[in-house]
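Subject: Handover of a structure and its findings

Dear colleague,

I am writing to hand over a structure for your attention. Please find it below, followed by an account of what was found in it.

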Amino acid sequence: MAAEHPEARLQLWCQDEARFGQKGRTTRVWYERGMRPPGVVDQRFESLYLFAACRPGTDETFALALPRVNVDAMTIFLEHFSRQLAPGVHAVLVLDQAGWHDARALLVPETITR
């Protein structure tokens, strides 16, 4: 990487996503045999994905909450992540093998190598 970007200061970053949300499900409750317990079961399903990156050995972090996880969301994260890098910095971003990380449609800014 240093040979490919001799003018830049290289920084190592690690990135991953996590889903936070609610997934309603039926539960078991004690009640009289043969009778249905009163009440409504929450059947909503709502979630939010947190895309986050951290720089090992430092307290530097970057996170973005998005409504879904796919190539478009990852492209948005990379774009915002690249904007927060200091001038003259090139980020080497370590990713896992999620499908949206390796997609050919993923647009990676020039200040990031994945």
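Does T75 count as buried or exposed, and what is its relative accessibility? T75 counts as buried, because its relative accessibility is 15%, and the cut-off for a buried residue is under 20%. Please bear in mind throughout that this is a predicted model.

Overall architecture

The chain contains two helices and five strands. Read from the N terminus, its elements follow the order β-β-β-α-β-α-β. The chain is more spread out than a compact globule, because its radius of gyration is 21 Å, well over the 13 Å that the globule rule gives for 114 residues. Taken along the principal axes, the box filled by the C-alpha atoms is roughly 75 × 30 × 20 Å.

Of the 114 residues in the chain, 27% count as buried. The accessible surface amounts to about 8500 Å², and carbon and sulfur atoms account for 53% of that surface. As to charge, there are 13 positive and 14 negative side chains, with the centres of the two sets 12 Å apart. Where contacts join residues at least 6 apart in sequence, 58% of them link residues at least 24 apart.

In soluble globular proteins, nonpolar side chains tend to be buried together. In this model, the largest nonpolar core consists of 20 residues, and F77 and F81 have the most contacts inside it. Two or more residues come from each of strand 2 (45–54), strand 3 (61–66), helix 1 (71–84) and strand 4 (89–94). Helix 1 makes the greatest contribution to this core, with six residues.

Which residues does F77 touch, once its neighbours within four places in sequence are left aside? The contacts of F77 are with Q15, F51, A52, A53, F62 and L64.

Further residues of helix 1

T75, with which this account began, is found in helix 1. Not counting residues up to four places away in sequence, T75 touches A105, L106 and L107.

M74 also has its place in helix 1. The relative accessible area of M74 is 0%, so M74 is buried. Apart from neighbours within four places in sequence, M74 is in contact with Q15, E17, F51, L95, W100, H101 and L106. M74 and P87 are 13 residues apart along the chain, and their C-alpha atoms are separated by 22 Å.

S82 is likewise placed in helix 1. With a relative accessible area of 16%, S82 is buried. When its neighbours within four places in sequence are set aside, S82 is in contact with P109, T111 and I112.

A residue in a loop

Where does R44 lie? R44 belongs to the loop between strand 1 (9–23) and strand 2. The relative accessible area of R44 is 47%, so R44 is partly exposed. R44 and Q22 are 22 residues apart along the chain, while their C-alpha atoms are separated by 7.3 Å.

With kind regards

Technical notes
Residues are numbered from 1 along each chain as its sequence is written. This is a predicted model: local features need pLDDT of at least 70, side-chain atom pairs count only at pLDDT 80 or more; totals for chains, interfaces and linings use all residues. Side-chain values use heavy atoms; hydrogens and water are left out. Helices (H or I, at least four residues) and strands (E, at least two) are DSSP runs, numbered from the N terminus. The radius of gyration is taken over C-alpha atoms; the globule rule is 2.2 Å times the number of residues to the power 0.38. Buried means under 20% relative accessible area, exposed over 50%, partly exposed in between (1.4 Å probe, protein chains only). Contact means heavy atoms within 4.5 Å. Accessible areas come from the Shrake-Rupley method with a 1.4 Å probe; for residues, only the protein chains shown count as cover. Lys and Arg count as positive and Asp and Glu as negative; His and the chain ends are not counted. The place of a charge is taken as NZ of Lys, CZ of Arg, CG of Asp or CD of Glu. A nonpolar core is a set of buried Ala, Val, Leu, Ile, Met, Phe, Trp, Tyr and Cys residues joined through side-chain atoms within 4.5 Å.
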